[in-house]
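Student: Could you walk me through how to read this model, starting with the strands and then moving on to the rings?

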Amino acid sequence: MFERILVPTDGSELAKKAGYEAVTLAKKIGGKVIVTHIIDQKLTKPYDVLENQAQEYIKVIIDYALENNVECESMIVFGSPKYDIVKLTRKSEADSVMLGTHGKTGITSTLLGSFAQNVVKTIDLPITLIK
């Protein structure tokens, strides 16, 4: 358990914090971190702009993993964050998920952001929420 930690990121501060926590845990237990970003198919920016943004979000966590000698891989998917997160957990063979309670679209006055709520409701893995 916790050998393959999936970290969805949107570049928000809490997503970065979740990534750093995942790296710290993976280092302690000899695990691996899989950093992911789902490019929302509903967005209107050109795909290459969105992909470059995704790579920047992921790079921050990968660089931290490399600094800490933790194995890390990444996945970028074009689709629906709400529905494709389940596919990503299966494809990555993750055995746990670590994510921030609120992302870039989160409203801090709510208990959980909509993406975090969806993950908690739809994924049958241990989930660690970072706030």
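**Strands first, then rings**

Tutor: Let's start with the fold: β1, α1 and β2 make up a β-α-β unit that is right-handed. A crossover gets that label if, with the strands pointing away from the viewer, the path from the first strand over the helix to the second runs clockwise. Helices (H or I, at least four residues) and strands (E, at least two) are DSSP runs, numbered from the N terminus. Before we go on: this is a predicted model, where local features need pLDDT of at least 70, side-chain atom pairs count only at pLDDT 80 or more, and totals for chains, interfaces and linings use all residues. Residues are numbered from 1 along each chain as its sequence is written, and side-chain values use heavy atoms, with hydrogens and water left out.

Student: Which elements make a β-α-β unit with β3?

Tutor: That would be β2 and α2, and together with β3 they form a right-handed unit.

Student: How many bridges join β1 to β2?

Tutor: Strands pair if DSSP finds at least two bridges between them. Here, β1 (residues 4–8) and β2 run parallel and are joined by five bridges. In β2, Thr36 sits opposite Pro8. On to β3: β2 pairs with it over nine bridges, again in the parallel sense, and there Thr36 stands opposite Met75.

Student: Why is β2 largely enclosed by the rest of the structure?

Tutor: Check burial: buried means under 20% relative accessible area, exposed over 50%, and partly exposed in between (1.4 Å probe, protein chains only). Strand β2 (residues 32–40) is largely enclosed because eight of its nine residues are buried.

Student: And the rings: how many aromatic pairs are there?

Tutor: Rings of Phe, Tyr and Trp (its six-membered ring) pair if their centres lie within 6.5 Å; planes under 30 degrees apart are stacked, over 60 edge-to-face, and the rest tilted. That rule gives two aromatic pairs. Tyr20 and Tyr64 are a tilted pair, 4.4 Å centre to centre with 40 degrees between the planes. This pair links distant parts of the chain, 44 residues apart: Tyr20 belongs to helix α1 (residues 13–29) and Tyr64 to helix α2 (residues 47–67). Tyr20 is partly exposed at 30% relative accessible area, and Tyr64 is partly exposed at 24%.

Student: What about Tyr47 and Phe78?

Tutor: Tyr47 and Phe78 pair edge-to-face, with 5.4 Å centre to centre and 80 degrees between the planes. Tyr47 is partly exposed at 38%, and Phe78 is partly exposed at 46%.
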